[in-house]
Amino acid sequence: MLFLVMDDFVRTKLTEWGLSEWTERFKDEGIDEESLYCLYDQDIDNLIPKLGPRAKFKKRLKLSRKEQNTTNQETGDSSAQCQQQHEEAADSAQVWSSTSDTSDKGKRKNILESYTEEIILSKVKHTMSCVHERIPNQGITKLNKFLKDKISDLETDKRELVGVFGKTGAGKSSLINAVIGEKNLLPSGSISACTTVMIKVETNMQSQKYEADIEFIPKEEWKDELWSLFNFLGDNADQDKEDDDYLEIAEKLSALYGEEWKEILNKSPEKFMDNKYFREIPEFHLSRRKILRCESARDLSAELVKYTRTDSEHGDGKDVKRWYWPLVKCVTVRVPRNDLLQHVTLVDLPGNGDRNKSRDKMWKGVVGSCSTVWIVTEVNRAAAEKEPWEILESTSSLMGNGGQCQQIHFICTKSDLIADSDDHSAAGVRALIFKRNMQAKEAVSKEFSKLNKVKKHFSDDCFKVLTVSAKEFLQKKLLNPDETEIPKLQRFLQNLNDCHSETLNYVSGAYGILSLIQGASCREVADQKTDVCTELEEKMRHELDKVRKPMEEAHEAFEKCLNEGVEKSKSSCERVLKSVLHPTWVKGGGFHKILKCIVANNGTHKPKRRKQINLNVKLASCLTDSIDEEFKKTFPNEGKCGPFNGVVSTFSLDTTRLIQKYKDVELQLIFLKTEEEKIKTKLNKIIRERKKTIYSSLTTTIEETMHDCYKKAAEIRGQDSLKNMRDTIEKHVYDSKNTMFEQAKDVMLNQLRCLKEDILKTLEETMQESIELSLKTDGDSIPDVTEELVMVKQHYNELRGSADEETLIW
């Protein structure tokens, strides 16, 4: 644990305040002058458990803070202003849970250690900001610009996305509320959830208020969607009013326009965009976001209901006259000062994509960016319920090879609910709960083992089953908190949220830059600079060759797999078309309107009670199947190997050895070492994003090739239109099959080739520039940073020691 030796200031203050008996306690927790003024109430409660001394300490500390602020304001010099800026920065860096006792204190990271790291981060960021200002702008040299850019490029922000899937009533909202300690945040219970609105939950670092940021779909997209809905209703005017598609459209239009939508549709469709329907949301017409701010979670939940839920005669929704969820693209809910959400965003996700282009694009982007996914369903039917397994199967490729998901948590909710039993004693009910929960876990794990499609992307080690009870976690009637398994999820979020590596990475980067600034002023070591440059450049050529070889081997392996996939695609496309265009589960007229939806939506459609239909994915399936295994090996989401067998991560200019050999240029080599780590991590992030595009390129290319065909089929009307649509699609595929699959293969291979070239170019150019400017350029007008370097180096060594020599993760 990082430990700060207690200074005389704190000892003196405690003595002055008549609290000297607490001196040892403050010393044990490493409280110095800086951290003393950053203590929050929760910290003080932990430090001084006795009520009397605690009240006295809080009063004295408040007065002392006021005195210090007054002194800073009266002292107008730059050093005082810098100190004040630093204290404000340190204060803003603190992140504490604001609402409930949701932490497992014995198993979580010591909160004061995390707190101290926040102070260090704030202090070093402030130092680098001041150094940036001191580097001259007048007559700026190439080195000065390089240094300013490097300081500006130092980053710490890191957000992990946890996607939460589950059908309405599964207990998603109650689960999220319990895990983050906000019982009344997301509406649950009597109000029905809307299946299309994505809700992100994160912390509010700027305010103590509860906020909701509502992003609407573009106005033009709503016009296009209305036009599509009207066409569907017009083409199917004689359809059953109990038909799923009709009911879905009616629900959407009724939410926003009430029952008068039918009259408007028949008389004046242009009135659907009348301003009277949007008076409460002028932001929609202005293409702006709507911000809601409330003092409590309950108040925000009540305000938010009309934007995220469907009609209800009970609860918070009973007085709502108009429901705006059809226009909402995404809602971001921000909870004040919640430490579990400091670097984590929970996303309540619809189970499938959306007819609206903006919502569908955002949904795919978020699902592909989740590092963990929670699949939520009720415990009583966990293994038998179809929807959660359909969600898992339909999204597995988007999360796996097409994304960055490392873990899937299958969460069985309402684990405290037991059917009638003869034994009504607490012990008897507890025994039944434990037995049923164990059976549920075994049944779910067995079901997962059957999903061959999912297991192409995720191993058994990635899949975990939990049985949770949000109700019992709060009420503690039958189960203790650990038995509800909510604390397991909290600990998981805490581990994701651990910002240690981010603090260490920023401080490491700052240490490297300050080392370069200090070393740039040394002009007496020209010979050593020349020698070390020669060694570095030779080493870099050798290391680039080591990076190039496995990437070329991967390209060859993919080409071989794709060649096989192309041949299988050509021979199987007839069977694939038959499965989509002539389904056995629906007949005649029923499939006519489904196919109309498929061609109108560029090859995809989601019937209300069935799996999504995606003709493009089906046509590309032999290609994706052919590369899935090789792709997972080349671009793993899990484990520490890294892409291309970890070849980017193992790139090294051997600066540690060179530091021992060339002591006079140690500072410049320290900079090169930190730059090397930084560019490797940056490249791994780039690869992680680019591999998603590469994987999806097979389906995207097929979709682009089929676009004109879909457009032509969508225009077909009149007699035999179902047959004509089928014929149009079949003819296009048969005519294109000798080129379409080859083209998809070529696009993917070209993207892989471009990735290889970009990696090699970025590595070489970045490190060559760093060598040139650190060892071949003298620094003129560069500030003296001796004191700053000593301070940052000390913090760097402290953090490296407390990290137990773990690898840098930028």
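This is a predicted model: local features need pLDDT of at least 70, side-chain atom pairs count only at pLDDT 80 or more; totals for chains, interfaces and linings use all residues.

Okay, helices to begin with. Find α27, residues 666-714, and then α28, residues 721-775. Their axes come within 8 Å and cross at roughly 165 degrees. With that angle, α27 and α28 are therefore roughly antiparallel to each other. The crossing of α27 past α28 is right-handed. Which classes of residue make up this contact? There are 28 nonpolar residues, 13 polar ones and six charged ones where α27 meets α28.

Now stay on α28 and bring in α24, which covers residues 615-634. The axes of α24 and α28 come within 11 Å, and they cross at roughly 40 degrees. So this pair is oblique. The crossing of α24 and α28 is right-handed.

Let's move over to the sheet. In what order do its strands come? Reading across, you get β4-β3-β5-β2-β6-β1-β7-β8-β9, which makes nine strands in an open sheet with mixed pairing. At the edges stand β4 (290-294) and β9 (463-467), and each has a single partner strand, so one side of each has no neighbour in the sheet. On average, neighbouring strands here are turned by 20 degrees against each other, if you ignore direction.

Let me zoom in on β5, residues 328-336. Is that strand enclosed or open? Eight of its nine residues are buried, so β5 is largely enclosed by the rest of the structure. On one pairing, β2 (residues 198-204) runs parallel to β5, with seven bridges joining them. If you want a landmark there, I199 stands opposite V331 in β5. The other pairing is with β3, residues 210-216, and that one is antiparallel, over six bridges. Here you can look for D213, whose bridge partner in β5 is T332.

Further along the order, β1 (residues 160-165) pairs with β7 (residues 370-378) in the parallel sense, over five bridges. V164 sits opposite W374 in β7, if you'd like to click on a pair. Then β7 pairs with β8, again in the parallel sense, with seven bridges between them. β8 is itself mostly covered, with six of its seven residues buried.

That takes us to the end of the sheet. β8 and β9 pair in the parallel sense over five bridges, and I411 has L466 as its bridge partner in β9.

Next, helix α15, residues 357-369. How far apart should its ends be? At 1.5 Å a residue, the 13 residues of α15 should span 18 Å, and the end C-alpha atoms are 18 Å apart, which agrees. The buried residues in α15 are S358, R359, D360, M362, W363, V366, V367 and G368. In the loop between β6 (344-348) and α15 you'll find G351. At 19% relative accessibility, G351 counts as buried, the cut-off being under 20%. G351 is 40 residues away from I391 in sequence, yet their C-alpha atoms are 5.9 Å apart in space.

K414 isn't a glycine, but it has a positive phi of about 55 degrees. You'll find K414 in the loop between β8 (407-413) and α17 (426-449). F644 lies within helix α25, residues 643-646. With a relative accessible area of 5%, F644 is buried.

That's my tour, so over to you for questions.

How values were computed:
Residues are numbered from 1 along each chain as its sequence is written. Side-chain values use heavy atoms; hydrogens and water are left out. Axes are lines fitted to C-alpha atoms, for helices over the stretch in contact, and angles run from 0 to 180 degrees between N-to-C directions. Helices (H or I, at least four residues) and strands (E, at least two) are DSSP runs, numbered from the N terminus. Angles under 35 degrees count as roughly parallel, over 145 as roughly antiparallel, 65 to 115 as roughly perpendicular and the rest as oblique. A crossing is left-handed if the near helix is turned anticlockwise from the far one by less than a right angle, and right-handed if clockwise. Ala, Val, Leu, Ile, Met, Phe, Trp, Tyr, Cys and Pro count as nonpolar, Asp, Glu, Lys and Arg as charged, and the others, Gly among them, as polar. Buried means under 20% relative accessible area, exposed over 50%, partly exposed in between (1.4 Å probe, protein chains only). Two strands pair if DSSP finds at least two bridges between them. The expected span of a helix is 1.5 Å times one less than its number of residues.
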